[in-house]
Amino acid sequence: MNSQIIYHGFGHLGDALEGSNKVLLVCDSSFPYLNIKADIEAMDVPYVVFSDFTPNPLYEDVCKGVDLFNITKCDTILAVGGGSSMDVAKCIKLYCRMNKETLYLEQEYKDTGIKLIAIPTTAGTGSESTRYAVIYYDGKKQSVTHDSIIPNVAILEPKVLKTLPLYQKKCTMLDALCQGIESWWSVNSTDESKEYSKIAVETIMKWWREYIFENTDESAKHIMEAANYAGRAICITQTTAAHAFSYKITSLYKLPHGHAVAVGLPEIWQYMIEYMEKCIDSRGKEYLANVFSDISKAMGRETPSLAIKAFRQMLKEMEISHPVATNKEEELNILSHSVNPIRLRNNPVELNEETIKSIYDIII
């Protein structure tokens, strides 16, 4: 994995741009409203703006970005925004040296050596520190993964969170919390990833109320750092069942990603503590019980049951409600057949088709 530089504060943009001659600024529709917009536009290096992409970026959108990058002879990419901006920028970096006559998705991924700088404007996915991107091709989600697309530099500037809509703050923060928890219990966890998870979970639990209900500068700083740690943890382990369950909830009920993940996580966790004998982590169920205990303590609770209760209470306080089915049986079938089995291989407790359906039955 590349060694990433993380700067705290926008004032480091000049340091990040050192050696750059021309920048492709990849930004989404929120850019005109950002309180760092004027600062970015005043950067010392010539730049070209690319914002011609949808919230769920299409392969074709990325192709336009690649063409612009090459035609304008840029040598650096600066991604400013949420997950979509990051995804597009990462794919432009990966594809910009490929043969444009062949589908980029089918070509071998190599490090292009292009500098990629990321400035997140939400505190959620931690995408500024991960090797993952998502784009859509022919209506299907494509997961793009390569170590070289971890941005070379991430700049964490918490003041961008000040003007985020409240519901967006809730959803993105919940995504970060879920990533921290899922990474911790993932079968792929390492000592390093668990340390990142611990920081993320403890920090969010300490600061979430102040961040959501008081909107203070101090809490924004801590939540942004926590989201980054959660992203770094996920970069090592990948996500587990709560994320696998969430994607179809998002598309079926038009709920933001963080909302969809958060309503599923406590129900999946509840199932796992009841069926520990189905543990598939090679380190064993005693190890997993200790992990659940460690997560609970990081959440300020003595047992997993109390931690799950605290998580549900958190959703209640933030008015994050479960989706409501209109045709339950039909929707349960759609949901239970949507889960990606690869994501479930990362989950520490086995979930079969019947179990998946029973958990969705509680969620909706």
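Glu329 comes out as partly exposed in this predicted model, with a relative accessibility of 45%. Its side chain pairs up with that of Lys357 in a salt bridge, at 3.0 Å from N to O. The two partners sit in distant parts of the chain, 28 residues apart: Glu329 belongs to helix α12 (residues 328-336) and Lys357 to helix α14 (residues 353-363). Lys357 is partly exposed too, at 27% relative accessible area.

Salt bridges turn up elsewhere as well, and a search of the whole structure gives 12 of them. One joins the side chains of Asp217 and Lys162, again with an N to O distance of 3.0 Å. Here a helix meets a loop: Asp217 is in α7 (residues 217-237), while Lys162 is in the stretch between β8 (153-156) and α5 (166-185), so this contact ties together parts 55 residues apart in sequence. Asp217 is exposed, with 54% relative accessible area, whereas Lys162 is partly exposed at 36%.

Then there is the pair formed by Arg312 and Glu267, whose side chains meet in a salt bridge of 2.8 Å, N to O. Arg312 lies in helix α11 (residues 304-317) and Glu267 in helix α9 (residues 257-274), so the bridge ties together parts of the chain 45 residues apart. Arg312, by contrast, is partly exposed at 34%.

Some salt bridges also share partners: Asp52, Asp61 and Lys64 are joined into one network in this way.

Conventions
Residues numbered from 1 in each chain as written. Predicted model: local features only at pLDDT ≥ 70, side-chain atom pairs only at ≥ 80, totals over all residues. Heavy atoms only, no water. Salt bridge = Lys/Arg side-chain N within 4 Å of Asp/Glu carboxyl O. Helix = DSSP H or I, 4+ residues; strand = E, 2+ residues; numbered from the N terminus. Buried < 20%, exposed > 50% of the residue type's maximum accessible area, 1.4 Å probe, protein only.
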